[in-house]
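Subject: Structure handover

Hello,

Here is the structure I promised to pass on. Please open it alongside this note.

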Amino acid sequence: MTHPKTPHVVDARYMEPPGPFVATMEMLDTLKEGEKMLLLLFREPHPLYKVLRQNGHDYETELMPDGTFEILISR
Amino acid sequence: MQALLSFENAPPFAAPLRFFLTAPLFAVLAGLLLAWSGPQLMASRWMPGALAATHLVTVGFMLQVMLGALIQILPVVAGANLRRPLLVARIVHVGLSVGTLMLAAGFLAGTPWLLSTAALLLGSTLLYFLAVCAQALLGVPSTSPTIRGLKLALVGLAAVVGLGIVMALALAYGWPVPLSALADLHAGWGLGGWAGVLLVAMAYVVVPMFQLTPGYPARPSWWFPVAMLTLLLLWSAAVLANLAWLIRVSQALAAIAGIAFCVLTLRLQAKRRRARADATYRYWQLGLSASVLALLMLLVSSAWPAASEQNGWTIGFGILIVAGGFLPFITGMLYKISAFLSWLHLQNFGQAKIPAPAMNKILSDNDTHRQMLAYVAALALLLGAVILPDWLARPAGLAFAAANGWLFWNLANAVRRYRLAQADMAEKLAAL
């Protein structure tokens with residue numbers, strides 16, 4: 001799946017926990033410096049945010065009309 | 001390794017568990033009280049037994065689970081960390097449990113000092129809980145409808161507790177207050193402003209997450225908590241100004257908002273991607289259907305007030321919304337959260353070297369499904385007892401006590417299996 005914001009997308013909207021967390025961490029490991037990835041979820045992943053901050057990643061979250069949170073994460 | 005990092009935010013399992021294990025026992029007490037008192041308990045909502053049973057269920061069961069769950073999930077759904085969660089849990093659990101028992105005893109015995117002491121104990125416990133939550137949420141921006149809902153639900157909790165204290169003291173010392181209008185408002189803030197808004201805010205997260213449904217659309221999700229609080233403020237102003245028509249309009253609009261949420265959730269569930277229907281899903285279906293019926297009753301009585309003077313109307317509404325609506329929502333989530341937390345704590349305990357047992361090894365679908373059938377039978381008897389109290393009140397009380405005793409048994413068994421699994425994993429880790 002690709003997205004206008006980035007080609008690196010984890011669509012975790014129908015995954016059970018901890019699937020979204022694990023899939024995001026795995027994709028982050030594959031990104032090159034300066035690349036971004038997008039996580040799609042129906043909730044805000046606060047525990048993931050904390051880990052992202054601890055590991056020095058930036059992220060921006062946008063809530064879409066259908067209830068999807070688009071979380072754009074920098075490598 | 002990375003996955004373990006998310007565990008840092010989780011409070012110790014003992015923090016929410018004490019609430020989850022105690023709550024069903026209060027519902028057992030409520031059932032036994034009905035079995036012991038018999039049909040006279042259902043004669044009016046003002047009967048001492050009815051007041052005691054109502055609060056054993058709403059404070060002893062509902063509030064108990066909700067506060068325990070909040071201590072657990074505030075970091076997860078709002079990024080808000082409670083300081084020393086185990087200490088907070090111990091203080092709140094003792095205050096709430098002792099306060100509920102004293103309140104029920106105060107209603108039954110009609111003893112002023114018991115009622116006023118219970119009100120002050122519950123009031124101070126909940127004030128402490130609100131202060132702890134406010135401290136944790138201070139500076140947390142409302143970046144999602146869930147966080148906004150959580151904050152507004154806590155405002156609802158403050159309102160229902162404030163009204164409850166005033167009413168308990170008024171009952172104890174015979175203060176001249178309009179008890180009937182205040183009781184309706186107290187129930188409105190409790191069920192709509194606190195429990196309803198909290199449930200909705202949690203549903204935004206847990207329904208898509210555990211039942212694999214589409215998400216709740218953003219716009220109505222942002223507005224529902226605000227609309228509910230605004231309508232309750234309107235209702236409160238109408239009580240102060242003694243405007244009966246405005247009370248009815250705000251009740252009708254609150255009922256419509258509640259029905260809209262239930263219908264939306266039923267539609268989302270119809271699109272779920274999880275093929276198997278587990279107890280949580282079935283409990284939610286029951287809760288949503290019963291809530292729609294109860295809220296239709298509220299809509300009818302606000303348009304046609306004489307309806308609420310029909311025999312058994314108010315008691316029937318109360319049973320339908322509390323035992324038919326909220327208890328199934330809460331029990332359904334309780335099963336899912338208990339199994340998930342057991343798995344999460346075991347997963348962490350295994351240090352990524354020993355895998356945790358699957359969730360259904362901790363709490364099996366068979367056990368939860370059979371308990372749910374017992375609960376449905378108890379609910380049917382309770383509703384039947386509204387029409388035939390002489391025949392069905394005592395059997396309904398016994399059935400309600402048995403179904404909730406079974407819930408306790410299932411949860412206690414899950415904890416036993418959790419401890420066994422932990423001991424087994426400790427042995428395997430030591431052998432590595």
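First, a term. A residue is buried if 20 or more other C-beta atoms lie within 10 Å of its own, exposed if 12 or fewer, and partly exposed in between, with C-beta atoms placed from the backbone. By that count, 52% of the 432 residues of chain B are buried. For chain A, the share is 33% of 75 residues.

The model is predicted: local features need pLDDT of at least 70, side-chain atom pairs count only at pLDDT 80 or more, and totals for chains, interfaces and linings use all residues. Residues are numbered from 1 along each chain as its sequence is written, while chains are lettered from A and ligands numbered from 1 in the order in which they are written.

Chain B overall

Chain B has 14 helices and zero strands. Helices (H or I, at least four residues) and strands (E, at least two) are DSSP runs, numbered from the N terminus. The radius of gyration of chain B is 21 Å, close to the 22 Å of the globule rule for 432 residues, so chain B is as compact as a globular protein of that length. That radius is taken over C-alpha atoms, and the rule is 2.2 Å times the number of residues to the power 0.38. The C-alpha trace of chain B spans about 70 × 45 × 45 Å along its principal axes.

Two residues are in contact if their C-beta atoms, placed from the backbone, lie within 7 Å. In chain B, 77% of the contacts with a separation of 6 or more join residues 24 or more positions apart.

Chain A overall

Chain A has two helices and four strands. Their order from the N terminus is β-α-β-α-β-β. A compact globule of 75 residues would have a radius of gyration near 11 Å, and chain A agrees, with 11 Å. Its C-alpha atoms fill a box of roughly 30 × 25 × 20 Å along the principal axes. Residues 24 or more positions apart make up 59% of the chain A contacts with a separation of 6 or more.

Where the chains meet

How many residues of chain B are in contact with chain A? The count is 23 residues of chain B against 22 residues of chain A. On the chain B side, helix H1 (2–5), helix H3 (48–78), H7 and helix H8 (218–240) each supply at least two residues. H3(B) gives the most, with four residues. The chain B side divides into 13 nonpolar, eight polar and two charged residues. Here Ala, Val, Leu, Ile, Met, Phe, Trp, Tyr, Cys and Pro count as nonpolar, Asp, Glu, Lys and Arg as charged, and the others, Gly among them, as polar.

Cores

A nonpolar core is a set of buried Ala, Val, Leu, Ile, Met, Phe, Trp, Tyr and Cys residues joined through C-beta atoms within 7 Å. The largest has 157 residues, and B:Ala30, B:Val65, B:Leu382 and B:Ala396 have the most contacts inside it. H3(B) brings the largest share of this core, 20 residues. Another core, of 16 residues, lies apart from it and includes A:Ala12, A:Phe21, A:Phe42 and A:Ile71.

B:Leu382 touches B:Ile319, B:Ala323, B:Ala396 and B:Phe400, leaving out residues up to four places away in sequence.

A helix pair

The axes of H6(B) and H8(B) come within 8 Å and cross at roughly 10°. The two helices are therefore roughly parallel to each other. Among the residues making the contact are B:Leu152 and B:Val155 of H6(B) and B:Trp222 and B:Leu229 of H8(B).

Loops and backbone

B:Pro176 lies in the loop between helix H6 (145–173) and helix H7 (179–211) of chain B. B:Pro176 is exposed, with 6 other C-beta atoms within 10 Å.

B:Leu212 is in the loop between H7 and H8 of chain B, and counts as partly exposed with 19 C-beta neighbours inside 10 Å. B:Asn242 sits in the loop between H8 and helix H9 (244–270) of chain B. With 10 such neighbours, B:Asn242 counts as exposed.

In chain A, a cis peptide bond joins A:Pro17 and A:Pro18, with omega about 5°. A:Pro18 is in the loop between strand S1 (9–11) and helix H1 (19–30) of chain A.

Best wishes

Methods. Axes fitted to C-alpha atoms, helices over the stretch in contact; angles between N-to-C directions. Parallel < 35°, antiparallel > 145°, perpendicular 65-115°, else oblique.
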